[in-house]
Amino acid sequence: MAVLTREPPRAPTFRASAGSWRPGGLRLRARLDEHWPLQLFFYLFPLWWVLGLSHVILFVLAVPMLAQLAASRPVRVPASFGLYALFLVWVLLGAAVLWAPAPGTEPRTGLGPLVGFAYRGLWYAAITIACLYVLNASRRHLSAQRLGRMIAFLFLVTVAGGWAGLLVPHVDFPSAIELVLPQGFTEREFMNALFHPRIALESDFLGRDQARITAPYSYPNTWGNAFGVLLPFFVATWFGRAAGWRRHVAPLVLLAAVVPAVYSLNRGLWLGLAVAAAWVVGRRVLAGDLRALVAAAVGAAGVAAVLAGTRLGELVRLRLDNPHSDDRRQDTVAEVLRLTWEGSPAVGYGSTRQMVGNFRSLAGSTVADCHQCAAPPLGTQGFLWGLVFMTGIVGTALLLGFLARHLWLNARRPTSVALVASTVLVSSLFYFLFYDSLDVPLLITMLALGLAAREHAPETQVHR
């Protein structure tokens, strides 16, 4: 690791610092400092969502982050970064197969495939820059506590968006960017998801119309994925003695978060929260902290009481009794694995593909009263399966190897930062099975990774 100027040693933990929020009230700091790109992204996220820029603003803010990185050379990188760099190269190789025929799928023509490919490429570039930016930031100016509170703020926004989806699910309004775009530009699903603010989406999961929470994201699954990876940062920075006034409010926030988490109907989220809780409890018990078992038992009893004493329990039971999309998801995964292995195992197909017909008939398609009759695009229904289909076995192995390496490193470290990072990594890898994570969820994963890598790098003061 490159070393510029030494700093006095600091304890590696989430501790109180001069964060972006003042104890006297929820007031944004009047003055931005050198880490303003992250401040603007997280603290103004509701504004970006209303403006229709939440999916692209990180591309803009990555530019000044990259400029700061360039000014602070040499740039440190996380362990096993070579694997990740090769993965990015593998993503770029996908451009060569964007129009390659995939048996049983609709042919790709024109420049349309480049749009989705470029969008995914920009996300990979932006989250890479953000990860390196955090890794190379001064611990004095961008402490773990401060970054954790920025991320925790987005958890609050996610919970608030969940409540909006429950209370006003049918409210619909154009974003500011839609008002200046050509008429009809956002009628296509991809563009609508990018630029149109969605509070909830209609679904027939339970045999009737049911609004599923999306705000401040585009899809219900993205909401659940973000909720799961943001929660560890909220717990780390809003509980404990160092949290100040937040410590007294945090339990109320978690209690309020239970309602939209249940009404989201996200079974993946429910399972993911259980996996994360088991990971944290196991880590703490292995460290000799048996209080974690007591806390887990109390928490489980509290959740059980809430479910048993309210309509939430009945909603959970109904959701579990109506698996809805399991067959389609399994068929999609099987087709992805088959096509990739038989047609392009090394580099995949570069992007998603739409099947001809559905899994039962070549004539199958979406109709007005049966949106489930068409097969979902191959490369969706889970980030992992998208990796396989778009980057092949090699690209998938490179990224998973990089993330697994950092999970292993942080699982062996006793600090609170390592515990948060490992919990986020465990959660994220689990959600890869069900959710398309290339959005805010993967950004949070890479920020956690960069923060933990910085903790064990030589102390430097890179950004002044």
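The model is predicted, so local features need pLDDT of at least 70 and side-chain atom pairs count only at pLDDT 80 or more, while totals for chains, interfaces and linings use all residues. Residues are numbered from 1 along each chain as its sequence is written, and side-chain values use heavy atoms, with hydrogens and water left out. Helices (H or I, at least four residues) and strands (E, at least two) are DSSP runs, numbered from the N terminus.

**Helix α4**

- Helix α4 covers residues 81–93, and its 13 residues reach 19 Å from first C-alpha to last, close to the 18 Å expected at 1.5 Å a residue. That expected span is 1.5 Å times one less than the number of residues.
- F81, Y84, F87 and V91 are the buried residues of α4. Buried means under 20% relative accessible area, exposed over 50%, and partly exposed in between (1.4 Å probe, protein chains only).
- Those buried residues line one face of α4, because they fall within an arc of 110° seen down its axis. The arc is taken from the directions from the helix axis to the C-beta atoms.
- As background, an α-helix has 3.6 residues a turn, so residues three or four places apart point the same way.
- The packing partners of these buried residues are α5 (112–136), α15 (383–411) and α17 (440–455).

**Surface patch**

- W163, L167, V168 and V171 make a nonpolar surface patch of about 350 Å². Patch residues have over 30% relative accessible area and no salt bridge, and nonpolar side chains (Val, Leu, Ile, Met, Phe, Trp, Tyr) are joined within 5 Å. A salt bridge here is a side-chain nitrogen of Lys or Arg within 4 Å of a carboxyl oxygen of Asp or Glu.
- V171 sits in the loop between α6 (144–167) and α7 (176–180), and counts as partly exposed at 41% relative accessibility.

- Most residues other than glycine have a negative phi, and most peptide bonds are trans.
- S80, not a glycine, has a positive phi of about 60°; S80 is in the loop between α3 (57–71) and α4.
- L265, also not a glycine, has a positive phi of about 60°, and is buried at 0% relative accessibility.
- The A215 to P216 peptide bond is cis, with omega near 0°.

**N225**

- N225 is in helix α9 and is buried, at 1% relative accessible area.
- Leaving out residues up to four places away in sequence, N225 touches Y431, Y435, S437 and P441; contact means heavy atoms within 4.5 Å.

Terms used
Patch = residues over 30% accessible without salt bridge, like charges linked within 9 Å, V, L, I, M, F, W, Y side chains within 5 Å. Areas by Shrake-Rupley, 256 points an atom, 1.4 Å probe, with all protein chains shown as cover.
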